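Have the viewer open and follow along.

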Amino acid sequence: MGPRKNKKRAPSFRKLLKTSNIKLENKHKNRQFKQQSTAKKNRKEQRKLRIALKDASSKVPLPLETYKKRPDEEEEEEFEESLPIDMIEEDDLEQLKAMAQKASFLTRDLASSEPVHANKRKREDVIGKYEKMPRRVQFEEEKEIIHLLPIKDKARIIPQTMERPVPKKLKKEEEEGEEKTVDSEEGKQPELPVLTTEELLVKRRQTLLEKQMHIASLASAILSDPPNNIKKLKELRSMLVENVPYVAVTVRKLVMLSVTEVFKDIVPSYRIRPLTESEKASKVKKETQKLREFEEGLICQYKFYLENLEQIIKDWKQMKKKKSDVVSLKSYKGLAEVAVKCLCELLLSLPHFNFHNNIIVTIVPLMNEHSKQVSEMCCESVKKLFTQDKEGQASLGMVKVISGLVKSRNYDVRPEVLNTLLCLRIKEVQVKKDADDIAPKKKFMTYKEKRKNLSRMKRKWKKTEEKLEKELLEAEASESKDKKLKLHTETLNIVFLTYFRILKKAQKSTLLPSVLEGLAKFAHLINLEFFDDLLIVLQNLVESGDLSYRENLHCIQTAFQVLSGQGDVLNIDPLKFYTHLYRTLFRLHAGESSDDMIIVLRCIDAMLNKRRKQVTLQRVLAFIKRLTTVAAHVLPNSSIGILASLRVLMHTFPKSDILLDSESHGSGTYLPELDEPEYCNPQNTALWELHVLQRHYHPVVKKFAAHLLVGAPSEGSGALSTDLGRRAFTDLFADYSMSGMTFNPPVSLPPSKKKDKFIAGDGLFDRTLQEFVDRCLGATDETCTLDFATHFKRFSGKR
């Protein structure tokens with residue numbers, strides 16, 4: 001028989017097509033599982049090998065500890081090595097060597113309590129090392145002692161000793177030897193030449209000129225090429241430790257100012273961030289590497305410079321004299337003032353750069369300094385920072401530090417510290433939104449709507465357009481409005497937190513006027529939930545009677561600022577605040593300190609004009625009458641402000657023209673001394689003060705008084721000019737102020753009345769008589785006599 005044929009046939013193309021994808025995936029997964037299992041076995045074997053090697057290395061005896069040997073110990077070891085070892089048997093010797101390898105504590109220093117494997121500990125035994133250090137013992141010369149006869153007491157015997165006296169010759173020799181050694185030591189130092197005062201001044205002028213030239217050359221070199229000359233900045237900064245005594249203070253001041261100006265010019269307009277490890281390891285271009293080195297050197301020198309300025313201020317505050325310093329204690333204040341000035345300039349010029357928060361932390365405590373010049377300098381710089389800051393980041397950091405300072409000092413700070421907060425540029429904050437506003441806004445078109453309504457090309461175009469808009473917004477590099485509002489909200493929350501703490505815990509402190517003024521300015525931004533508590537606190541302060549009239553005015557202004565904004569929703573009648581302001585009007589200062597009048601005018605505007613629907617006519621008439629009385633006693637700018645506000649009230653309340661009529665309306669008589677505006681019967685009086693003001697010496701006061709007497713018409717002969725009628729009362733009060741000792745408008749000179757004057761020349765009509773008079777006046781001898789008779793006869797004959 002022939003060979004058996006293989007009945008298995010190769011799979012046809014149809015069968016290959018019928019092979020499912022699931023089988024192929026299963027085969028691929030099985031192959032992966034096998035590879036993973038083999039890799040796992042290999043890892044286990046390698047782990048076992050590592051553990052075995054580790055155990056083997058741990059069984060090897062560790063080397064004995066080494067320590068520095070003393071000369072005495074080296075001599076002992078040499079002596080032990082010189083001893084014969086033949087007396088010890090070989091077995092004993094091997095056993096001792098094995099014990100020495102196993103127990104290393106036999107050979108280490110037994111004085112230390114450190115274990116053998118002390119290097120495995122994280123911390124070192126500092127006490128043990130300190131105990132090992134050798135001490136320096138001051139050896140005193142042994143003095144010869146003589147034993148004397150003892151003294152016998154009832155109970156014991158007291159031994160007596162004394163030192164052997166040294167002869168005088170030996171003492172003299174020792175003193176001479178000491179003097180020689182001192183003279184030899186002093187002789188080594190070079191003797192300085194004694195200079196006169198004039199020579200010292202000339203030398204100082206020359207040295208100072210050389211230092212100035214050196215500072216100028218270094219600064220100009222840095223400014224000309226900052227990346228290449230950044231090392232010269234270190235040389236310039238090192239001159240802050242000038243050691244020449246007679247120019248040290250001046251040179252240090254010049255260096256501080258010069259370095260400040262250099263930093264203001266070379267510092268970039270961005271914040272330098274530290275490089276990561278990957279960025280340091282990566283290769284970059286030469287230009288990039290050069291820029292990195294420049295930024296690193298700049299930030300390092302800037303940091304050291306700020307530390308130097310801070311140390312100068314700290315030395316002045318502590319008044320601590322340094323051993324190696326050549327500057328006297330009296331000069332510390334001048335150096336500290338220059339250092340503070342430099343810090344203030346850096347605070348204003350570089351708010352975006354690194355270490356700005358460190359400058360803030362240094363400057364804010366100096367605002368409360370006893371030195372008036374330093375305190376004013378710091379407060380002015382903080383005010384400028386608040387007014388210049390448009391983003392809000394620097395203002396937030398400054399407000400945080402000020403709040404911490406006030407709290408840490410237990411509210412015992414100067415009022416100027418809190419007055420700086422009035423310069424904050426905050427006009428809008430984030431208000432709590434409703435549920436509809438918080439909910440995410442729906443897009444104009446969803447994806448399904450786009451796909452249904454737009455074609456493929458339009459959808460693609462829309463997508464690229466949205467991407468471009470997003471990139472453009474990022475390229476603008478400007479703070480978004482939401483971020484700005486968030487920063488302003490956080491800043492104002494900290495300000496109100498500070499104010500409320502003082503109102504709650506320190507109502508009798510000197511900070512209360514500043515707090516009330518700040519609340520009056522930012523009251524319209526307070527959350528609605530604080531209104532009830534704040535009004536109760538303000539009402540208690542007003543009724544307590546402990547405040548001055550200016551503080552009372554601030555309380556009233558704050559209360560009505562709260563009620564005129566979001567407080568319109570609240571159903572509160574502040575009748576007591578009206579009564580208190582009506583009572584306070586007669587207590588205003590009528591002299592040069594009339595700055596409180598602007599607060600009164602703002603209160604009147606918030607109490608009567610903005611709340612016109614909640615105010616009765618009786619109350620308005622009472623305020624108009626009392627304000628007119630006050631206007632007749634104050635300075636011209638205050639009178640103009642009051643009359644301008646009365647004009648607005650007459651337009652707002654047309655029925656108030658009954659005060660221009662001399663007839664009474666209703667029963668009763670006017671009671672000017674009563675402090676209740678509702679019950680003083682103001683309808684039965686007239687504004688007779690306007691007739692007095694119509695004859696005022698100030699021309700603008702005359703115009704306003706005449707305008708109000710006619711009824712304050714907006715058109716016609718009695719109307720005001722446009723430059724006066726369209727301006728607010730606050731602007732008029734500021735424009736016509738006499739704080740600059742000037743009169744506005746300027747006073748015109750009175751008309752000059754020329755009188756007939758004697759003109760030098762021929763005083764007599766008769767020429768011969770004039771010649772005779774001149775000859776007599778010019779004669780020197782006494783023989784010449786004046787005889788006018790002959791001339792009189794001749795003159796009368798001519799006539």
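Gln 618 is found in helix α26, residues 617-631 (helices are DSSP runs of H or I with at least four residues, numbered from the N terminus). This is a predicted model, where local features need pLDDT of at least 70, side-chain atom pairs count only at pLDDT 80 or more, and totals for chains, interfaces and linings use all residues. Residues are numbered from 1 along each chain as its sequence is written, and side-chain values use heavy atoms, with hydrogens and water left out.

**Around Gln 618**
- Gln 618 has a relative accessible area of 25%, so it is partly exposed (buried is under 20%, exposed over 50%, partly exposed in between, with a 1.4 Å probe and protein chains only).
- Setting aside residues up to four places away in sequence, Gln 618 touches Pro 677, Glu 678, Pro 682 and Gln 683 (contact means heavy atoms within 4.5 Å).
- Gln 618 and Cys 680 are 62 residues apart along the chain, and their C-alpha atoms are separated by 8.7 Å.

**Charges over rings**
- Arg 619 lies over the face of Tyr 578, 4.5 Å from the ring centre (the criterion is NZ of Lys or CZ of Arg within 6 Å of the ring centre and within 35 degrees of the ring normal).
- Arg 626 puts its charged end over the ring of Tyr 582, 3.9 Å from the centre.

- Thr 498 is found in helix α20, residues 481-505, and counts as buried at 5% relative accessibility.
- Leaving out neighbours within four places in sequence, Thr 498 is in contact with Ser 403, Val 406 and Leu 418.
- The whole structure has 10 aromatic pairs (rings of Phe, Tyr and Trp, the last by its six-membered ring, pair if their centres lie within 6.5 Å; planes under 30 degrees apart are stacked, over 60 edge-to-face, the rest tilted).
- Phe 496 and Phe 500 are a stacked pair, because their ring centres are 6.0 Å apart and their planes are at 10 degrees.
- Both Phe 496 and Phe 500 lie in α20, four residues apart, or about one turn of the helix.
- Phe 496 is buried at 6% relative accessible area, while Phe 500 is partly exposed at 24%.

**Another aromatic group**
- Phe 263, Tyr 302, Tyr 305, Phe 353 and Phe 355 form one aromatic cluster.

Definitions and conventions. Helix = DSSP H or I, 4+ residues; strand = E, 2+ residues; numbered from the N terminus.
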